[in-house]
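Visitor: Please take a single part of this structure and go through it closely, including what it packs against.

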2 protein chains.
Amino acid sequence: MQLHILLNKTSEWVQGTGPDAEIVLTSRIRMARNIVDFPFPNRASLEQKEKMLDVAEKALSSLDAMQGSLFFRLNDIDAIDKQFLIERHLISKEHAVVQKGSAVSISDQEIYSVMLNEEDHFRMQVVKPGFQLDEVLDLINDLDDRLESKLQYAFHPQWGYLTACPTNIGTGMRASVMLHLPALVLAKQINQVLQAVVKLGLAVRGLYGEGTEAIGNLFQISNQSTLGKNEADILDNIKKIIKQIVGHEKNARQYLLKSQKKQVMDSVGRAYGVLKNAHILNSREAIELLSTLRLGVDLGIVTDIERMQINELMILTQPAHLQKVAGKELDHTERDIVRSELIRERLT
Amino acid sequence: MQLHILLNKTSEWVQGTGPDAEIVLTSRIRMARNIVDFPFPNRASLEQKEKMLDVAEKALSSLDAMQGSLFFRLNDIDAIDKQFLIERHLISKEHAVVQKGSAVSISDQEIYSVMLNEEDHFRMQVVKPGFQLDEVLDLINDLDDRLESKLQYAFHPQWGYLTACPTNIGTGMRASVMLHLPALVLAKQINQVLQAVVKLGLAVRGLYGEGTEAIGNLFQISNQSTLGKNEADILDNIKKIIKQIVGHEKNARQYLLKSQKKQVMDSVGRAYGVLKNAHILNSREAIELLSTLRLGVDLGIVTDIERMQINELMILTQPAHLQKVAGKELDHTERDIVRSELIRERLT
């Protein structure tokens, strides 16, 4: 386990600030880029991939945004550390599987990160707390421009940026927000809202992205198409839709406060009580209870806890994080005990 | 609501003291007696019943044990007060239904109580905390002797004391203990134990006696037959059996502590957390959680709560008690809120 340094830092988004932070946990944009000098990673030899990493490391290290950043070859870190990076949304599950010839670069506070030789040569990501996709786009555009000034991107005048998978071709951009929608879930309006979102061409996913189930009332919403529109248009579309969802969630929360105050106080109180007193907590129950507690904080029902503490616990109570906190491998039963200890300690 | 005076006193048994008090809540004996001057209540006119009450009140008031006692005609108290007396085990459900010509006398600390013109002229009861049936028998025998010196009991040299219902004839004595058996329930041994108890001729009932379901891991165990044996033999039999059950429960608790400590701490912690933080609690959930918390106190897992506080809450959170505490009638929804308020207040 080499990544202890990350454990002691707080990702910027964990602070729980930014516009509409009570509903929008993060605004995130990633861009897929490839350079002309090498084949796509799935076609490249290990030697070519290693060379690409050298080129990338050199280019990235010269960028202001990446000063003081960490650079790891995935081959050099163990399984728990890989899982740890997945839990922090810094690498993908697919990236963790590819062992040799791939790497990741992570900036201070984890605002910027770049997966190297995942599906594409570069998968750049910028994350900020709250609902601020424009700011995130500015940051990633700047990073992209500066990188482009040092490297020759694979770009086709008609198709745009070329990517290993055709679904990413064009802008190569995927924008996503992580939403906390407990009131829409309680009001049983969530399915209706999400179905509308899908009809409008966006994708809805769980906490850990593609193929994962929504837990803790957390929903990741992102654009599907990357082709035929420019970045600003894609972003305008997603922003408009997210704004509406945020509005629906706000209304649902006001409705809960007005007409079901006691029930909400009861749910929030019970969640808080169990979190502070349980001795065995699996990750699913923990995140569900933390979600309810977060609603309590956001509604002003719970005043002795801050949103940031809950964000931190949502991160820290994940399996790999727990093992890094404990400094050793833990089986499933041990994790449930350590998880409850950590939560009790942090909440009292 | 006239019985506020009882609300501000604590029944002796609530103190949670006495032998094996961590398992045996109360030892209780009642005796059925009738006097020769009047027909059995179900055969008596209202006028005869009223006369019997006068005779009884006079006789009782001269006894040392009943000095400072309360005497109520059931006709003079309202429905909530009647329910309140049922919840305190001072009158039976049947007694509450008979309106006219019946009464109850209750001593200080509720150690002695006498239902008048329930099924029989006198149903005397003595309750003490913990497992001490011998002491209870001494007290009730003394009360019985003193009453007999003032009144002529209906007694047949062959059959013993005559009672309205033949199931009570003979000694007219019913001895019962209220047991808290959470570990036997958790260990799934409870059915086996209770079946054996029934085979040995004892009756098993829930918290509120005949026909009630066991909740909160509380079981009332009493003798069935009153005929053909003397009081001491009946008591020896029940004492022997209770001693065995207490032993089984102690073993089951030790086993839990040894091999399932974390699970027990988790259950106890969750119960405590919910009790301290819920805003809606129905009576069934409250008593189940209080039962688990009591186990935690008895096992030394919870150290900032005393058994007496839990006994008090088990009494106070019952529907009629809540309404008397609130000083007004409350519907089911209001009670669940007031119940949670009372528990939160008492546990913090």
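Guide: The part described here is helix α5 of chain A.
This is a predicted model, in which local features need pLDDT of at least 70 and side-chain atom pairs pLDDT 80 or more, while totals for chains, interfaces and linings use all residues. Residues are numbered from 1 along each chain as written, chains are lettered from A and ligands numbered from 1 in written order, and side-chain values use heavy atoms without hydrogens or water.
Helix α5(A) spans residues 133–148 and packs on α8(A), residues 231–259, at about 155 degrees with the axes 11 Å apart (DSSP runs: helices H or I, at least four residues; strands E, at least two; axes fitted to C-alpha atoms, angles from 0 to 180 degrees between N-to-C directions). The two helices are therefore roughly antiparallel (over 145 degrees). The crossing is right-handed (the near helix is turned clockwise from the far one by less than a right angle). From α5(A), Leu133(A), Asp134(A) and Leu137(A) meet Glu231(A), Leu235(A), Ile238(A) and Lys239(A) of α8(A) (heavy atoms within 4.5 Å). Four of these residues are nonpolar, none polar and three charged (Asp, Glu, Lys and Arg count as charged).
Helix α5(A) also lies across β1, β4, β5 and β8 of chain A, at about 25 degrees to β1(A). These strands belong to an open, antiparallel sheet of eight, ordered β2-β3-β4-β5-β1-β8-β10-β9 (pairing needs at least two bridges). Strands β2(A) and β9(A) each have a single partner, so one side of each lacks a neighbour in the sheet. The strand-to-strand twist averages 20 degrees.

Methods
Parallel < 35°, antiparallel > 145°, perpendicular 65-115°, else oblique.
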